[in-house]
Amino acid sequence: MKLTAYARACAVDPGKNLDFVIACADRAHPLGHVTVIDVPTGQVVLVDTVDGPHWSLEVPESWPSSLYRAAFRGDGRAASTVADSPDADVHFVVRGTGDAEVLVSVPFLTWQAYNRAGEPGQGLYYAEEPTRAARVGFDRPGGGPPPQEWEHGLIRWLPGSGLRVAYCANLDLHDQPELLARHRVLVVNGHDEYWTWEMRDHVEAYVRGGGNLAVFGANTCWWQIRLEDGGRTMVCHRDAVADPVARTDPSRTTVEWSSAPVNRPENALTGVSYRRGAGTWGEHMVKMREESYRVRFADHWVFAGTGLRDGDEFGRGALGYETDAADFTEVDGVPRVTGRDGTPPGFVILATADLRHWRHYGQGGHATMGVHRLGQGTVFTAATVNWGAALADPVVDRITRNVLDRFTQAAGPQFEPIGPAVPGAVLAACEGQLFAASGGVLRVRELCGQNLGWREADSAPELVALGSPREAYRGMPLGLLGVTADGRIVYRDPVPEPAPWRDLGDAAAGTVALACVNATYFAVAQGGLWARTAASLADGTGAWQRIDNAAEVVALTGLSSLLFATTRDRLLARPPVDGPAPWIDLGPADDVSALTGAAGMLVAGGRSLRWRQATGV
C-alpha cells in the first residue's frame, strides 16, 4: 500500500491544527505511518499512525518556527523519514510568533508551478507547450522541492549561524504582510520565481520602510501570478493574449514582470533580472561546477574578512542553474550599471561572472552579485539559484554571514566604501560628479556607490578647501567654490574638462574647510566657525564674522539646509544660523579629512572614499 498526501495549507501557527488529505494508489483505506522531520536540523519531531483519508496535526507550541516535512508510508512498514514517493512527502511551515531577526520565505509557489511538469493540463511547465496548464491547485499531492533542493543548503546552514530565524510560506507575503514588521531582514532563497502583485507591493514597502532584503537566489520574481479560491489556486497564463485580465486590469496580467502590459521590471526591487542572466539545464547542468565569481569591489563590507582582492575568483560551483544579472558597462575596468533594464542607478556590482558561453547549453548571460538602497532599507542579491549549495566554501560562508550580520543590526546609517580616495584631497560634489583637488590637479568621477576610479580633469590652484552649493544664489553660482592657499575664494564650472578658475574675493583668514548653504559661505578658520553672505562677498561689502567655536572640526560641508562637520572621530550637524548653535552628534566618523555631500548623501575622504545617508538629525 503506497500513500499519497497533501496539506490543506502551506503554513500554520503554533498551537493550531494543520489538516492533511491521504489517499492510496489502489483506492484502499489509507493506513500507515507519518514521520514529521524538522528540515533545517534533520531532527524527527513526531511519529504517528494514519488510519483513514484524513490526518490532523496539532502543532505543539514548543515547536520552533521552521520548514517541516511529513513523510507518509503505507501500513506494514516501520515508520521512516523516507516517504512512499514524492507524492507522499508534504512540506509545510510553522510560522514564528516572536521577534526573530531573520524571516525566511519558502517558495511554495515555485514548487507548485513545477508540480506535474510535462503532464497535460496538470503543470505550468513546460513553458511553451500548448497542453500546459494555466491554473494549478494546491489541493493535490506533490508540490515539494525539486530533486536539487535549491533552498535546502541555506536552510540547513542557518541553525549554526547564531541568528534567530523564523519561517513563512511565500504565500504569507501575499495576505499577511504584518509578518514582515517583526523582522529586520527577509531572506528570499533558492528559486523564488512566482510572485503576486500583493507580494511585490508588500516586500517593497517593507524595504522602503527600513527592512532589509537578502536574496540568496536567482530567477527571483520572474513571473507574476494571481491567487484564487482562497489562495489554493495559482493562475499564470504566461501570455497577455490568453489572459482575460489583460483587457480589464492590465497591471495584473500573468506575464513576466518586465513584459507588457505589466511593465514593472523586478530589477526595481532586486536590482537584477534573469533577462540578463544565464541558465544551463538537463545534461548540461554539470557546467555549473566549472564556474566562479570574480571580485569587482573587494573593499566593500560584503567581502570583509574574506581576504579577497579585486580580480580574485571565488564561489566555484555556486553559479547556476540559473543566474540573475544587471545590464552594465565597463568604466576603466570597473562595472557600472546602465539602468537600461530597470536596475536602479544606485545598484553596486560586487562580483561578476561572464556566462555568455552558456548560450550553447541553455541561456547565455552574466551573473552580477550586488547591493543597493531602496528607501530606508538595503537589498543584497547573490544572483544565483545554487548559492546555498556552496556554503561549505569559507568565502561563500563569510559573505553570507556579513550580509545577515549587517542586516540584522539595529544601527543607524553607517559610512561604507565607494572607492579609492585621492590622498590629501579636498572634495566637492556637483551635477552628479565628484571632484577632488590635490597637488595642483583636479580629478573627477561619477558620484555613486560603485568603486570607480578617478580621471584627471584639469590643473588647479593649490586649494585648502572646496565646496559647492545645493542651489545657485546671487554671488554663489552653482559650481566648484574653492579656497586657495593664499586666501582667495575661486570659482570653476563643474565640468570634467579643462575650465578657468575665477577669483571671487577674500576667504576668512586661515580657512581650512568651506561650506556653501543658505546663500552663505561658512568657513572653519583659526579654531572658529565663520560666516559671510554670498551677496556681501559679491558686492565687496561686509566682512567675515566669527559666529561660533569649531576648535575640533577638520571638515565641513552644506547639505539639505544643514551644516555637517567632522572632528577626528565624530560626525556633527547644526543649522546654518549666523550665531552660536549646538552641534548634534550623528555618530562615528573616523579618518575623515574631507567632506562633501549631494542628493542626501555625505561623502568623506581619508584613507578611502566613503559615503552614508545624511539622516538621523
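The model is predicted. It holds 16 aromatic pairs.

**Aromatic contacts**
- Tyr68 and Phe92 form a stacked pair, 5.7 Å centre to centre with 15° between the planes.
- The pair links distant parts of the chain, with Tyr68 in strand 7 (residues 66-74) and Phe92 in strand 8 (residues 89-94), 24 residues apart.
- Tyr68 is buried, because its relative accessible area is 0%, under the 20% cut-off.
- Phe92 also has 0% relative accessibility, so this residue counts as buried.

**Charges over rings**
- Arg238 lies over the face of Tyr125, 4.4 Å from the ring centre.
- Arg574 lies over the face of Trp583, at 5.7 Å from the ring centre.

**Largest pocket**
- Its lining has 46 residues, and the closest to the centre are Thr110, Tyr114, Asn115, Ala117 and Pro146.
- Strand 4 (31-38), strand 8, helix 1 (108-114) and helix 2 (152-157) each give two or more lining residues.
- Helix 1 provides the largest share, 3 residues.
- By class, the lining has 19 nonpolar, 12 polar and 15 charged residues.

**Second largest pocket**
- This pocket is lined by 41 residues, with Arg373, Gln376, Thr378, Glu416 and Gln613 closest to its centre.
- Two or more lining residues come from each of strand 24 (365-374), helix 7 (394-408), strand 26 (416-420) and strand 45 (608-613).
- The lining of the second largest pocket splits into 17 nonpolar, 17 polar and 7 charged residues.

Conventions:
Residues numbered from 1 in each chain as written. Predicted model: local features only at pLDDT ≥ 70, side-chain atom pairs only at ≥ 80, totals over all residues. Heavy atoms only, no water. Phe/Tyr/Trp six-rings, centres within 6.5 Å; stacked < 30°, edge-to-face > 60°. Helix = DSSP H or I, 4+ residues; strand = E, 2+ residues; numbered from the N terminus. Buried < 20%, exposed > 50% of the residue type's maximum accessible area, 1.4 Å probe, protein only. Lys NZ or Arg CZ within 6 Å of the ring centre and 35° of its normal. 1 Å grid on protein atoms, 1.4 Å probe; cavity = no way out; pocket = protein on both sides within 12 Å on 5 of 7 lines; lining within 4 Å. Nonpolar A, V, L, I, M, F, W, Y, C, P; charged D, E, K, R; others polar.
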